[in-house]
Amino acid sequence: RYQYYLQVKKDVLDGRLLSSLEQGIRLAGLAVQADFGDYNQFESHDFLREYVLFPMEWTQDEAVLEELTQKVAQEHRTHSGITAAEAELMYINEVERLDGFGQEIFPVKDNHGNDIHLGIFFMGIFIKNRIGRTTVIYRWNDIGNIAHNKSSIVLELINKEENVLFHTDDLENAKYISRLFAARHKFYKQNKICTE
């Protein structure tokens, strides 16, 4: 649990998992509780200014950072009495609600040379196009095989005669993505009853 907490906290602080301002303050308050303990054991919360609470892009303006830090101190106060283990678990549960949690996204090109994002999540593979266009989802049930050919990734779909192709920058990228997708696909097929 502790190692997982550290990993998801790093993902939030590095900006890989995006949160709203309210979610960020809640997460920071839980992190302070988990890492430092109860609010009332500190005479001052000045130490929070030295502690990384938010993703870097949030902390550009000093006045905004000070205001957010004060809100984190108030949030920290509400968690008094919660053990470090409970705060870590609450942090993990909060992160699981963030948009994009459990997804891994890769920049690729479609057959027409357009930049798109190819992603994977527990239900299958998805494609995000430019802003405003709907996300296309290929569920694990619809996918027959996943392979790579040089720097291209090939999705062979069940019940469709054509394959879906995506192009990456290099062979190593295509190999990594196709192996990751194939491993998740195999896991799904082996555990189909549990996932349904």
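How many aromatic pairs does the structure hold? There are seven aromatic pairs (rings of Phe, Tyr and Trp, its six-membered ring, with centres within 6.5 Å; planes under 30 degrees apart are stacked, over 60 edge-to-face and the rest tilted). Before you set off: this is a predicted model, where local features need pLDDT of at least 70, side-chain atom pairs count only at pLDDT 80 or more, and totals for chains, interfaces and linings use all residues. Residues are numbered from 1 along each chain as its sequence is written, and side-chain values use heavy atoms, without hydrogens and water.

**First stop: two tyrosines.** Select Tyr5 and Tyr91, an edge-to-face pair at 5.2 Å centre to centre with 85 degrees between the planes. Tyr5 lies in helix H1 and Tyr91 in helix H4 (residues 84-95), so the pair ties together parts 86 residues apart in sequence. Both Tyr5 and Tyr91 are buried (under 20% relative accessible area; exposed is over 50%, partly exposed in between, with a 1.4 Å probe and protein chains only).

**Next stop: Phe36 and Tyr51.** These ring centres are 4.9 Å apart with planes at 75 degrees, so this pair is edge-to-face. Phe36 is partly exposed at 30% relative accessible area, while Tyr51, at 18%, counts as buried.

**Last stop: the domains.** Colour domain 1 (1-96) and domain 2 (104-191) separately; the bounds come from an automatic or database domain assignment. Their centres, taken over C-alpha atoms, are 35 Å apart.

Notes:
Helix = DSSP H or I, 4+ residues; strand = E, 2+ residues; numbered from the N terminus.
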